[in-house]
Amino acid sequence: MALNVNYVIRETGSNLVRNVGLTVASILTVVVSLVLVGTSFLIRQGVENATVKWEGGIELIIFMEPKIRPEQLQAIEASLEADNSGVKDFEYVDQDRAYMEFKQLFKDAPEMVESVTPSILPPSFKVVPNDPDAGSVTALREQYRNDAGVKDVVSADDTIRTMKGMTGFISALVFFAAAVLAMTSAVLIFNTIRMAMFARRREIEVMKLVGATNWFIRVPFMIEGFIQGLVGSLLAVASLQVLNRIFTERLNQRGIELLSSFAVANGDVTTISIALLIGGTVIGMVFSAVAASLYLDV
Amino acid sequence: MIKLENVTKVYRGDVVALKDATCDIQKGEFVFLVGPSGSGKSTLIRLLNKQEGPQAGRIFVAGKDIAELSKWKVPFLRRNIGCVFQDNKLLSNKTVYENVAFALEVIGRPRHVVKTQVPAILELVGLAKKHRNYPEELSGGEQQRVSIARAFVNRPLILLADEPTGNLDPATSVGIMRLLDRINRTGTTVIMATHDRTIVDTMRRRVVELDRGTIIRDQVRGVYE
């Protein structure tokens, strides 16, 4: 069957124009739902990246009393040095360096920095355990917690676990909303096509009577749905790129090392964008095809 | 050309539209279907271009059993069967020319065919001068001529007409019948359902009379009653 290209372009165009309101509504729903789908994937990717960084060297930080006596400090250092089975590496952070880090961390809040002097900050040992498993990290923490001169021992695994749980929950929530919206956009596209077919039912009736094939009748409607899906997903990808850029910029501005590990690499964003484009256009095509087939019997 | 063998069509609620109808129509014949409303004339026409299927019996069009026709082939059957209706089914947003051209465009005919065929057929039905008008700017008779032009522009083997003069006054009807007669003389088989006694009695063609779904009369040079 020779499909007349002019005919298809003309019909599709007039359908899109005739139903501007519905077309815009379905495109916007596609945009919103795909942005949400993309966001939830970006959140997941970010958490993944961050945890990989952390798990590469789960750190145990032993905070000492600011006024710790040198012999107590040496005792702890010796004990860390001796513990070859549990401790892979460790580093001493004295009060001056702690102050530098503090200034870096709170550079946006000068009043905080002013209220602090190096002498009140606790010196600390940053410890890289041999076995990053949560159990052995906890064991190490218990070991040093009650030593003389130790103020507190914190391990990153607590932070990570809370963070993972929180972001996991948030991204599940976002993903759920996105799934609902994706269904909504499918139904909206379906409905737009149905309305378009209803508006043109007399033409379709004549087409069937003079012997136009079902595909010939269907194709302009399917292209209409395809265009809605395509435009929607293009807009969604564009807004996702912008959102990610803003997010990454904010993270870098803060200069917080921990959070910047959440930044998602451009490659990941591209993968997600391609997935969204494919998803959006497939939704548009499939649901308009279903609508076109269901309502072709005039 | 057309052969019905014991065709029965029952609608939901046990409405018998056709009962055991058998009929053989040769190529180039002109056949009137007569009978009161609800006697099964329109059903017969809808069965012939497979808008519906029968419950029992076989229908042959151009030697092929159309009941066995797979769904995707139905459009190709319809390209050989032109249809004219009482309410001409013209598209009000298209001009006369566009309405007729539409029938060729949607079956994928190339543009040069459309450009030569449409003016020729509009000349035949006597509307060459009105090709730029919209249907609502035409009289009822002219609208029906456009509808016939659209049905015939693809030169089908068979032309089905379901009360084409139903909405027209007698004088206009005569014009339409002259046109259908001319089309019939080109070798096209014409089947026309009608209530119009004068037309049937004047034309003296084959008459098939239906009553409550049964063919009760099949006369070669028949009259209305």
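**Close-up views of a predicted two-chain model**

**View 1. Six strands of chain B line up in one open sheet.** The sheet has the order β6-β7-β8-β3-β9-β10 in chain B, and its pairing is mixed. At its edges stand β6 (81-85) and β10 (214-219) of chain B, each with a single partner strand, so one side of each has no neighbour in the sheet. Neighbouring strands here are turned by 15 degrees against each other on average, direction ignored. Strands (E, at least two residues) and helices (H or I, at least four) are DSSP runs, numbered from the N terminus, and two strands pair if DSSP finds at least two bridges between them.

This is a predicted model, in which local features need pLDDT of at least 70, side-chain atom pairs count only at pLDDT 80 or more, and totals for chains, interfaces and linings use all residues. Residues are numbered from 1 along each chain as its sequence is written, while chains are lettered from A and ligands numbered from 1 in the order in which they are written.

View 2. Strand β3 (residues 30-34) and strand β9 (residues 206-211) of chain B pair in the parallel sense over four bridges. Look for B:F32, whose bridge partner in β9(B) is B:V207. Helix α5 (residues 140-152) of chain B lies across β6 and β7 (158-162) of chain B, running at about 165 degrees to β6(B). Helix α6 (residues 170-185) of chain B touches β3, β7 and β8 (189-193) of chain B, and its direction makes about 150 degrees with that of β8(B). For such angles, axes are lines fitted to C-alpha atoms, for helices over the stretch in contact, and angles run from 0 to 180 degrees between N-to-C directions.

**View 3. A second open sheet of chain B is antiparallel.** Its four strands follow the order β2-β1-β4-β5 in chain B. The edge strands β2 (15-25) and β5 (64-65) of chain B each pair on one side only. Helix α1 (residues 41-48) of chain B packs on the sheet, touching β1, β2 and β4 (56-61) of chain B, at about 115 degrees to the direction of β1(B).

**View 4. Strands β1 and β2 of chain B form a hairpin.** Three residues lie between the two strands, and B:G13 in the turn has a positive phi of about 80 degrees. Strand β1 (residues 2-11) of chain B pairs with β2(B) over seven bridges, in the antiparallel sense. Opposite B:I2 you will find B:I25 in β2(B), and opposite B:K9 stands B:L18.

**View 5. Chain A meets chain B.** The contact takes 16 residues from chain A and 14 residues from chain B; two residues are in contact if their C-beta atoms, placed from the backbone, lie within 7 Å. On the side of chain A that touches chain B, helix α8 (residues 201-210) of chain A gives the most, with seven residues.

**View 6. Nonpolar residues gather in a core.** The largest nonpolar core has 109 residues, and B:L33 and B:I191 are among those with the most contacts inside it. Helix α9 (residues 214-254) of chain A gives the most to this core, with twelve residues. Such a core is a set of buried Ala, Val, Leu, Ile, Met, Phe, Trp, Tyr and Cys residues joined through C-beta atoms within 7 Å, where buried means that 20 or more other C-beta atoms lie within 10 Å of a residue's own, C-beta atoms being placed from the backbone.

Terms used. A residue is buried if 20 or more other C-beta atoms lie within 10 Å of its own, exposed if 12 or fewer, and partly exposed in between; C-beta atoms are placed from the backbone.
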